[in-house]
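Reader: Could you pick one part of this protein and go over it closely with me? I'd like to know how it's built and what sits around it.

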Amino acid sequence: MGVMSRPTTPAARRVTTTRALILALSCAAASVSALGCAPPNAAKPYPATEPPAGDATPPPGHVVRYFDRAIELDPFLSGFPYRDWESSLETGALFFFEIGERYTLKMLDLAAQGDGAFDLAGARVISDVDWSARSLWGAHHHAATNTLWLHADERNDEQMNLWTLALDSGALTQITEHDYVYGFGFSEDQQTIAYLPRTGKQAPYRTCLNLLDVASKRAREVVCDSPALTFTWSSLRFSPEGDEVFFNAQIKGDRNRVQLVSVQPGAASPKVKVITRRRVLRNSPHALEGWVDGDALLFLANDDGYNNLYSYSRKTGAIRQLTRFKEDITSARLVDAGVFAVHRTPRGSTIVLVDPRTGQVQGALEQPGTADVIDGHGERVLWTQRAPDIVFEGNLATVTRGEGGKPPAFQSRRVISLDPELERAVVRCEAEAVTIPTFDRDPATGAPRALHAFVLRPKQPLADPAARLAMITAFYGGENRYSTFENIMCAAGLTVVSPAVRGSQGFGKRFSSLNDKDLGGDEIVDLFHVARWVERNLGLAPAQIGVFGGSHGGYATMRALTFPPETNGRNDRYPFGFGLSHAGFSDIKSFYDATNIPDWVVLESGDPGKPDELARMRDRSPLSHVELLEAPLLVTHGANDWRVPVDESRRFVDKARALQKPVTYVEFPGQGHHIEGVERVAQLYQARLDFLSSVARRSGASAPVPAAQAPAAPAPAAPAPAAQAPAAQAPAAQAPAAQAPAQPRPRARGRASAARRKKADAGSRLPAWYCVARRCP
């Protein structure tokens, strides 16, 4: 991607190329220069200052309130009620969820869609299961049997297995019964499935390659891993003849040393063959579907520091690097005309067509937001784009080979988008990209390190300056896409600052590895510098600046509010005014023992089997420093979470309350790592806004506070060990493509006095719908 000009209006940022167009992709575009870019998906704690008393009567239309501002949630949560796309262009089907009080799985016949927009409302329901109460990570359409194969769980606990859904009757059948299935893949003839089931609730696990016959549903174990080479998350690929299977394995469980391996299941004694170079550090190679000339397997890997395209020849065993972008290729599909791929940073995306034999870029097309390739087959490609002002758009492209030496032709049309009036209603933030200096220097340049960030300001600011708050994303910030969470906060009049602190993806392997073995260290110091930038540039006092996040970001939120200044010798801390944490872990060692991703903990924090690393894990655990918590903290968690077990929040809450620290806790029965279901999401947002209004009153806000109107939470079947009420998915910080720095604004002065804070604490209480079981005060 070249250095893009910065359009000044949302309309300009959309670029006319995302509409219907015909474009001859020029070979000259291959010379476009690139910017920089970056670990696999990782996993995602509470105040004595409680929110104001609430009315347990459910309001119509899910209205939530912040001071005198009412926000109708339905346009945000279900105005465009579609998500989680699984496409099969080969069989002409599109699968997706329609969300509401229930999540309904639907199927759209693409052959019947003609040349216009997809009629999503006309898709047929194929399952009567409420998928808001379950996890669904992948689907494969087996057209010969009119069946959808699913990678799913039963209780939102991430005990992932293989299931079938009969598309004629809607019957859902569990096919495998394992502790966990990493991934699966079909043979070219669609008769065999390769999958990786894991045994054990705690590391070290035993994982084996299994083959399952589609017709009989019988499986056989082929070969198992070893401590030296552990099988891991993969999209499994078969050779064209079906005699070899390719997938991922880690050397000694190290997420920085992931290899592409193969097994010949028909061998008398199947062996695991390592394809990639063992000594090269890489995070997660990804093999593409399809083969070039029946011999070459294409895969993405970050051997050179960025995710690029590689080719492996089965005949010669040779590996060639085909592209050398200085940005990560984030998605790609092999089609007739070449490899249709997207490389990007949070600043924007570039669609490219790459010759799979030579690596030559045959054409490039810049996009302002976050583009992704969903599916590709033959001459067709389904790709999407999101940005702060683009909630979602789906595009169907046709790519044809050029005749007589001419470049390929590319035609794309918009097939999925929001009604413009709805999009205006739910895009409530003005987004701006900025750079924020932090404390150290970049050794590659010698210059002070600068963090990429997006500032999302409300289009309609609050009249009372004291009611204005800024929320900083604790981790996984800086993304260039629409965020429901951010826009609801903007609708309430609040500002979100979304920085890509060290360890974030999007800027190459070197930047994303800066926090390896330093979890809770310098990534938190980055947040302090972002907060000081917010003070200088947004005119807010520390009492008005908070931190929030989910999973790793939930941990980082707790860590930022309990940070020992001496960590890493930085002698630094920031007096945040508040925090919101969802599904965060508070004790790194107990998290390692109980989570389903212990290898992530080893990568980020260390090996608990090594005394010095165990000592660091304990010191970096928020549970070890609860006495340092001063700012009000709201903690939320799903009771069925296996990624970050709910006990991580419960223990932190118990200790904080024992020390009389300002903490509020809301737990959601039957929910996993993310909270799903519109009713639960609405309740979570009211809890958050009640909490934030109490924070603002402590900082001097004087606007009237109407009685909170939040739906009543269902009581649990039996006494539970935590306050419980349904609630929304952890916020993923997301934002736009502009890059002008923010202009300094007048700085707010002063903080709420200790007396005022104590009075606010004593005068507030939890609404009745928060209070379930023994954890309510």
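Author: Accessible area is worked out with the Shrake-Rupley method and a 1.4 Å probe, and for residues only the protein chains shown count as cover. By that method, the chain exposes about 28,400 Å², with carbon and sulfur atoms supplying 49% of it. Keep in mind that this is a predicted model, where local features need pLDDT of at least 70, side-chain atom pairs count only at pLDDT 80 or more, and totals for chains, interfaces and linings use all residues. Residues are numbered from 1 along each chain as its sequence is written, and side-chain values use heavy atoms, with hydrogens and water left out.

Of the chain's 777 residues, 62% count as buried (under 20% relative accessible area; exposed is over 50%, and partly exposed is in between). In secondary structure, you'll find 13 helices and 42 strands (DSSP runs: H or I of at least four residues, or E of at least two, numbered from the N terminus).

Let's zoom in on helix α11, which takes in residues 647-658. From its first C-alpha to its last, this 12-residue helix reaches 16 Å, close to the 16 Å expected (1.5 Å times one less than its number of residues). Its buried residues are Glu 648, Ser 649, Arg 650, Phe 652, Val 653 and Ala 656. What covers them? Look for the helices α7 (552-561) and α8 (588-594), and for β40 (633-638) and β41 (663-668), which are among the elements doing the covering (contact means heavy atoms within 4.5 Å).

Now step past the end of α11. Gln 660 follows the helix, in the loop that leads from α11 to β41. Its phi is positive, about 60°, although Gln 660 is not a glycine.

Lys 517 belongs to the loop between α5 (509-512) and α6 (522-538), and at 34% relative accessible area Lys 517 is partly exposed.

Most peptide bonds are trans. You'll find Pro 204 in the loop between β14 (192-199) and β15 (206-213).

Definitions and conventions: Buried < 20%, exposed > 50% of the residue type's maximum accessible area, 1.4 Å probe, protein only.
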